[in-house]
Amino acid sequence: MARDRRQYFNQLAVTSRKYYIPYLSEYMKIGEGVNVLEIGCGEGGNLLPFAQDGCSVLGVDLSEDKIRAAERFFAEEGAQGRFLASDIFAVKELEGQFDLILCHDVIEHISDKEEFMRRTRAYLRPGGIAFFAFPAWQMPFGGHQQMCSNRRLARLPYFHLLPAGLYRRLLERGGESPEAIAEFLEIKRTATPIELFERLVRHSGMQKIDRRLWLVNPHYEAKFGLRPRRLPSIPGSIPWLRNFYTTSCFYLLK
């Protein structure tokens with residue numbers, strides 16, 4: 001498990017260095033004097049390149065275990081970073097302090113998305129930017145079924161789109177644990193299609209600076225050796241249809 005966590009940390013750091021920082025650098029300075037917050041940071045891999053470039057980084061996650069791993073991995077890399085096991089929105093004294101907020105693969109797990117977006121905005125400094133990345137719900141593995149212990153289910157695209165009752169029965173027949181099934185059903189309940197996120201942005205008081213839809217998620221390069229590819233304008237311009245092909249959505253908000 002520790003080896004898997006370290007591998008995942010390394011993969012995220014590679015993706016962040018090669019794709020996130022160059023993308024963000026088109027719109028803001030990345031370096032010394034920039035305060036970066038990651039909400040739902042996990043083991044902290046996304047933050048490592050920002051810290052190495054001189055940013056002041058804070059990672060917050062509800063999991064104490066992941067926060068301890070983040071502190072350990074940063075120490076092993078000789079990097080400076082702060083990590084906090086908490087609900088970020090309980091730490092009111094940090095409001096208005098960040099030039100950049102990262103929310104990578106988080107929003108699709110949130111129940112009250114409108115409140116999450118409003119409260120995220122409160123942690124930005126004037127002129128600050130929030131970077132959201134998430135999988136479109138209807139994409140082949142939008143239900144995170146790749147995490148299934150059953151290998152056949154883990155490789156079965158789109159079956160998360162089945163009605164909840166049938167989805168549950170397939171997971172049960174596949175031998176998934178009750179805890180895993182509950183997690184998969186929760187992900188289904190909090191699904192985030194592109195159209196929903198666009199509405200959330202409009203209601204949040206933030207403005208969309210940029211959107212990039214990916215046919216092949218940039219993280220798949222580090223994880224699977226696949227070359228990233230942007231989604232073509234068709235079907236990218238067609239609401240709802242594009243959800244079935246978009247493996248990752250990048251949004252910059254201010």
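Author: Angles between helix axes run from 0 to 180 degrees between N-to-C directions. Those over 145 count as roughly antiparallel. The model here is predicted.

Reader: Why is helix 6 called roughly antiparallel to helix 7?

Author: Helix 6 (residues 164–173) and helix 7 (residues 178–189) pack at an angle of about 150°. The cut-off is over 145. Therefore helix 6 is roughly antiparallel to helix 7. Their axes are 10 Å apart. The crossing of helix 6 past helix 7 is right-handed.

Reader: Which residues make the contact between helix 6 and helix 7?

Author: Helix 6 supplies Ala164, Tyr167, Arg168, Leu171 and Glu172. Helix 7 supplies Ile181, Phe184, Leu185 and Lys188. By class, six are nonpolar, none is polar and three are charged.

Reader: What makes helix 4 oblique to helix 8?

Author: The axes of helix 4 (residues 113–122) and helix 8 (residues 194–204) cross at roughly 50°. Roughly parallel needs under 35, and roughly perpendicular runs from 65 to 115. An angle of roughly 50° falls in the rest, so helix 4 is oblique to helix 8. The two axes come within 9 Å. Helix 4 also passes helix 8 in a right-handed crossing.

Reader: Which residues of helix 4 and helix 8 meet?

Author: From helix 4 come Lys113, Glu114, Met117, Arg118 and Arg121. Facing them in helix 8 are Leu196, Phe197, Leu200, Val201, His203 and Ser204. This contact has five nonpolar, two polar and four charged residues.

Reader: How do you know whether methionine 117 is buried or exposed?

Author: Methionine 117 belongs to helix 4. Its relative accessibility is 0%. Buried means under 20%, so methionine 117 is buried. Its contacts beyond four places in sequence include Phe197, Leu200, Val201 and Ser204. Ile107, Phe132, Met206 and Leu253 are also among them.

Reader: How far apart are methionine 117 and glycine 205 in sequence and in space?

Author: They are 88 residues apart in sequence. In space, C-alpha to C-alpha, methionine 117 and glycine 205 are 8.8 Å apart.

Reader: Is glutamate 195 buried or exposed, and why?

Author: Glutamate 195 sits in helix 8. The relative accessible area of glutamate 195 is 9%. The cut-off is under 20%. Therefore glutamate 195 counts as buried.

Reader: What makes the pairing of glutamate 195 with arginine 242 a polar contact?

Author: The distance between their side chains is 3.2 Å. The limit for a pair of N or O atoms is within 3.5 Å. The pair counts as a polar contact. Leaving out residues up to four places away in sequence, glutamate 195 touches Pro239, Trp240, Arg242 and Asn243.

Definitions and conventions: Residues numbered from 1 in each chain as written. Predicted model: local features only at pLDDT ≥ 70, side-chain atom pairs only at ≥ 80, totals over all residues. Heavy atoms only, no water. Helix = DSSP H or I, 4+ residues; strand = E, 2+ residues; numbered from the N terminus. Left-handed = near helix turned anticlockwise from the far one by under 90°. Contact = heavy atoms within 4.5 Å. Nonpolar A, V, L, I, M, F, W, Y, C, P; charged D, E, K, R; others polar. Buried < 20%, exposed > 50% of the residue type's maximum accessible area, 1.4 Å probe, protein only. Polar contact = N/O pair within 3.5 Å; in protein donor to acceptor, adjacent residues only side chain to side chain.
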